[in-house]
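Let's take a walk through this one, starting with a sheet and ending with some rings. Keep the viewer open as you read.

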Amino acid sequence: MKLNNQLLVCSIFLLSIFNLNSNVDAKIRHYRWEVKYEFKSPDCFKKLVITINGRSPGPTILAQQGDTVIVDLKNSLVTENVAIHWHGIRQIGTPWADGTEGVTQCPILPGDTFRYQFIVDRAGTYMYHAHYGMQREAGLYGSLRVALPDGEVEPFSYDYDRSIILNDWYHKSTYEQAAGLSAVPFVWVGDPQSLLIQGKGKFDCSKPGVAATDCNATNPECSPYVFTVVPGKTYRLRIGSLTALAALSFEIEGHNMTVVEADGHYVEPFVVKNLYIYSGETYSVLVTANQDPSRNYWAVSKMVSRNNTTPNGLAIFNYYPNHPKRSPPTVPPSGPWWDDVNSRVNQSLLVKSHPNYIHPVPKTSDRVIVLLNTQNRIDGGIKWSINNVSFTLPHTPYLVSLKQNLLHTFEQTPPPDVINGYETYNISEVAPNVNATTSNSLYRLKFNSTVDIILQNSNTLSVKNSETHPWHLHGHDFWVLGYGNGKFNATEDPKKYNLVNPIMKNTVAVHPYGWTALRFVANNPGVWAFHCHIESHFYMGMGTVFEEGIEKVGTLPSSIMGCGDTRRFIKP
Ligand code: C2O
Ligand code: CU
């Protein structure tokens with residue numbers, strides 16, 4: 001089949017689908033994507049990048065609430081598997097379309113075309129990205145934007161709507177990084193070489209040791225991203241972060257931003273000068289072009305939460321009709337201090353549900369799982385563990401093994417709801433955590449039960465160091481009940497939970513030495529990954545998986561099979 005190189009909505013059929021929210025006509029949004037490696041220079045440095053139809057970031061998916069999205073994904077990576085996850089889409093009724101290799105599907109083999117088909121059931125700002133190995137950071141990602149149904153309006157107004165994705169960028173291949181992370185002795189990936197704004201950054205090609213054939217500062221691929229605005233107009237800017245490592249602060253010189261949406265939920269609006277955003281999060285902000293229109297301004301992303309050497313990412317906030325490439329006359333804002341934990345925690349605390357869109361949170365829960373996040377040495381390597389379990393993916397995807405009772409394909413003893421000795425565990429010190437092991441065990445949740453998760457941070461293997469971890473849950477939104485500093489106190493802290501107007505999100509930060517409490521209802525039949533969204537952390541074991549209502553999952557499509565023990569279901 002000849003594939004078109006453009007973002008292509010190749011057919012829109014009118015269907016009469018009776019869905020949960022309305023019985024208006026829903027559409028099918030049909031995309032055909034070809035995934036392949038190409039040489040690109042997103043930050044002026046030439047590298048093999050995974051593209052979709054020739055692009056990275058890939059095409060933006062535009063749909064309306066209730067629509068069916070179909071993506072026919074052709075894997076043209078030649079010698080590499082692939083899988084794509086639709087980040088923030090809950091996949092209600094289609095758990096096999098979540099795109100999580102090892103959890104909900106087998107990898108898509110080179111040459112194969114896999115069909116993802118799912119309903120986007122709620123308006124909001126979402127993303128998609130590779131979910132196989134560390135492919136996401138090779139450039140396989142993009143935006144997914146779901147509009148309200150006709151006739152419904154947002155609780156705020158704006159003139160124009162734009163999506164951007166913030167990212168960080170490494171020059172080494174994912175293979176080199178992955179090999180280092182699993183090596184003994186361990187080799188850390190280090191700081192990213194640059195920060196990208198909507199796929200564009202700038203690496204300093206004049207650095208010693210950089211060959212002119214590899215780095216060309218005048219390559220148009222790395223000209224700064226330009227955001228053109230008309231004076232006086234208000235823009236809804238949908239900002240997502242898919243960094244491999246970096247926590248970011250984003251700001252537009254001289255302009256305040258009003259935060260109105262987080263992970264697909266309306267927030268009680270608040271104004272910021274700089275927005276902190278962690279990998280896996282999305283926010284909508286409103287920006288009004290109300291400054292001196294005779295010049296352009298800088299938009300800046302800055303890496304925070306780790307002491308780092310990564311230069312800030314720069315884009316141009318261009319006031320029409322100034323020339324879009326005209327550099328602002330000012331020095332770009334330098335952004336907040338990387339170690340200002342308090343201002344990051346304070347911003348997390350500001351994110352509450354919009355008063356008119358509160359999803360009432362169950363007042364109590366049926367089960368509390370305390371997940372202690374630690375860094376460990378296992379067999380001479382360095383890993384991350386959750387309750388002393390460093391997670392590994394099985395060869396047979398859980399969705400198939402649980403549905404078809406192939407229980408020998410993964411470790412059956414579930415990880416603990418709280419570790420033995422949690423009471424006396426000192427989160428402020430380097431702990432030996434001698435009990436840590438690697439395992440592919442998972443948590444099985446009672447269908448429809450309400451589950452609390454307490455994510456407890458701790459000191460890493462380095463003295464006086466604790467990191468920020470953005471945790472992302474597949475298949476659900478959760479209520480963010482609270483954040484705390486230090487060790488979670490099971491009798492006192494729940495009294496301070498926000499049960500009035502907690503925001504619902506799919507990704508939330510766990511701040512250094514702190515805890516974050518979430519609640520969700522296990523009402524989406526399927527198997528769902530829950531993990532730190534830092535690519536190298538998940539690779540090092542920082543994640544787990546929840547199963548709920550597996551018996552309610554419909555017949556699995558054979559397209560997700562083909563690996564491990566699923567081969568028994570493939571008819572010769
Ligand atoms: Cu966006 Cu499992 O991740
Ligand atoms: Cu992490």
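Two strands pair if DSSP finds at least two bridges between them, and strands (E, at least two residues) and helices (H or I, at least four) are DSSP runs numbered from the N terminus. This is a predicted model, where local features need pLDDT of at least 70, side-chain atom pairs count only at pLDDT 80 or more, and totals for chains, interfaces and linings use all residues. Residues are numbered from 1 along each chain as its sequence is written, and side-chain values use heavy atoms, leaving out hydrogens and water.

Look for His472, which stands opposite Thr507 in strand 30. Strand 27 (residues 469-473) pairs with strand 30 in the antiparallel sense, over four bridges. Zoom out and you have an open, mixed sheet of five strands in the order 25-33-32-27-30. Strand 25 (443-445) and strand 30 (507-510) each have a single partner strand, so one side of each edge strand is left without a neighbour in the sheet.

Now for the rings. Aromatic rings (Phe, Tyr and the six-membered ring of Trp) pair if their centres lie within 6.5 Å; planes under 30 degrees apart are stacked, over 60 edge-to-face, and the rest tilted. The whole structure has 25 such pairs. In one of them, Phe227 and Phe317 are stacked, 5.3 Å centre to centre with 10° between the planes. Phe227 is in strand 12 and Phe317 in strand 20, 90 residues apart. Phe227 counts as buried (under 20% relative accessible area, with a 1.4 Å probe and protein chains only), because its relative accessibility is 5%.

Technical notes. Chains are lettered from A and ligands numbered from 1 in the order in which they are written. Buried means under 20% relative accessible area, exposed over 50%, partly exposed in between (1.4 Å probe, protein chains only).
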